[in-house]
Amino acid sequence: MATANYNLADTLYQRLMLSPLGLDRENAVAFWMLILFGTLTLGGLWYFEGEIPVVLAILYVTGIFILSFLRIDYSLYLLFAGVMTMDQFAIPGFSSITHEISFFSNLKEIPYLPFFSAGVINPVELHILFLVLSLLILISVDKNMSFTAIPVWIPFTLFFFSLVGSFVYGLQGGGDILVALWEVRALFYLCIMYLIVPQIIRTRRQINVLLWIFIIGVTLKAFQGIGRFVSLGFTTGGFDVLTNHEDPVFTVTLLILLAGFMVYKVDTRQRLWLFVLLLPLLLGFYVAQRRAAYASLMVSVCTFIVLLPMLKRWYFLKFFLPVLAFLMLYGVVFWNSGSTLGRPVQMIKSGLEKPSSETNYRDYNSNLYREFENYNLASTVAGNPITGTGFGKKYDQPIPLAAINFTLSEYIPHNQILWVLVKMGGIGFLTFWFFFNSIAAKGTQVFFRLEDPYLKVVALFIVVAIINQMVVSYFDLQLTYYRNMLYLGCLIGIIPALERISLTDNSDDQNARGESGRTVA
């Protein structure tokens, strides 16, 4: 009798609720999602008196929470779609929806949300929290879901605990906890990504989707900068930057990815689209006006050439040397030019020789500020060589610095490699380099071992991205930028996935050959 009642209820549920919507029991979850989001929308509009941004925020948080448990890989894609397209900082002189959404701001600081003092977490951290919770549940209940060991775990562990130790040490020494959190947040993001990405990314297709997100995101930011350049009459209009500081850093990695596809003759739509988008990417790189990005580009190209096997190296140089000759001719022609077209040459020139205060006032003062800043950093290191100052504390300023438009300038300098030494001391500095050198070496090892051209290029792209980030961090604020560290953390988290995918492919090939041999026998 109970079974008959259950079957009747099940039949009515199918006929009355699911069938009119074209659903069945297998995809009934869509029905309940419709009910849930419809209720949240109507209830939110009523409770918040028609405040649509607030309702959209509620729907977004609910959506990523559910998505993280239903399809954790899709949730990761959504996170990085936001990371690659949103702005952490506003571009002076411009307003944009990509900043006004406040994707990287604490909830209590987002202007379109009701204020509540406990909102000290931002949407990115909320999203990461959902991913971590989902992973913990999946690993505990799904027998087919196992924890993937991360590579170079000893260097990583030493670096992570040095980071935590310097954070605690700084607070015990009187450091400001809010400033300390600002300083270490991005590096903690990198550590979390390094731990969770290998657990989520397990197939070639997932890597392919992530690369598409990176390509589309960086391209959109390039077009955003180009739009500003065009609106200013094809000039920079006297503005220092037209894009985020980190956008040209991402562009460098995509240029390396394209070069890798070309050298290894990887026939993929990503190669085609990177080639089609090359001009806007280069123009977006130009309007960013970041000298550090030019330095990192040169080092990245050199790293790329060094890592290539001999035959591939000569193949690349055959095409690159004519380009290099053209760039050298361009540099000679515009070496003393102050025109818009000669601006890239002047940025490179200012790094090779001291710019004149009369002809290049901006770069002259920028260089002078950095020289004074580096002296102050060295002075601070001399007073705390082993343990550093810890996070949340100002670095010494025996040479007073000019006021700049950055509220944490007394805590976070431009040279963020020296910043690590100042904050974490000699011990922490060694663990920092131990980890990043180790993961770069591991990525190089994986690159040489892989046979699949696509996976091989991805490994090469990741190794160069690590070097690129270290170089640009020596010249500019980068290790404390959220987008940089999330991007880099995701990339280094892909390294163990490349190894696992390669082993799976090789195992499948061997099984296929074995089956073929048995059939023939």
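These legends describe close-up views of aromatic rings in a predicted model.

**View 1. Aromatic pairs across the model.** A search of the whole structure turns up 36 aromatic pairs. One of them joins Phe432 and Phe436. Their ring centres lie 4.9 Å apart. The two planes meet at 55°, so this pair is tilted.

**View 2. Phe432 and Phe436 in helix α17.** Helix α17 covers residues 416-449. Phe432 and Phe436 are four residues apart in this helix, so about one helical turn separates them. Are these residues buried or exposed? Phe432 has 0% relative accessibility, so Phe432 counts as buried. Phe436 is buried too, with a relative accessible area of 2%. The cut-off for buried is under 20%.

**View 3. The edge-to-face pair of Tyr474 and Phe475.** The ring centres of Tyr474 and Phe475 are 5.2 Å apart. Their planes stand at 90°, so the pair is edge-to-face. Tyr474 is partly exposed, at 42% relative accessible area. Phe475 is also partly exposed, at 37%.

**View 4. A cluster of linked rings.** Ring pairs link a set of residues into a cluster. Among its members are Phe156, Phe159, Phe160, Phe161, Phe188 and Tyr194. The cluster also includes Phe429, Phe432, Trp433, Phe435 and Phe436. Phe432 and Phe436 are the tilted pair of View 1.

**View 5. Charges over rings.** Which ring lies under the charged end of Arg71? The ring is that of Tyr74, and the charged end sits 4.1 Å from the ring centre. Lys456 has its charged end over the ring of Phe447. Here the distance to the ring centre is 4.7 Å.

Terms used
Residues are numbered from 1 along each chain as its sequence is written. This is a predicted model: local features need pLDDT of at least 70, side-chain atom pairs count only at pLDDT 80 or more; totals for chains, interfaces and linings use all residues. Side-chain values use heavy atoms; hydrogens and water are left out. Rings of Phe, Tyr and Trp (its six-membered ring) pair if their centres lie within 6.5 Å; planes under 30 degrees apart count as stacked, over 60 as edge-to-face and the rest as tilted. Helices (H or I, at least four residues) and strands (E, at least two) are DSSP runs, numbered from the N terminus. Buried means under 20% relative accessible area, exposed over 50%, partly exposed in between (1.4 Å probe, protein chains only). A charge sits over a ring if NZ of Lys or CZ of Arg is within 6 Å of the ring centre and within 35 degrees of the ring normal.
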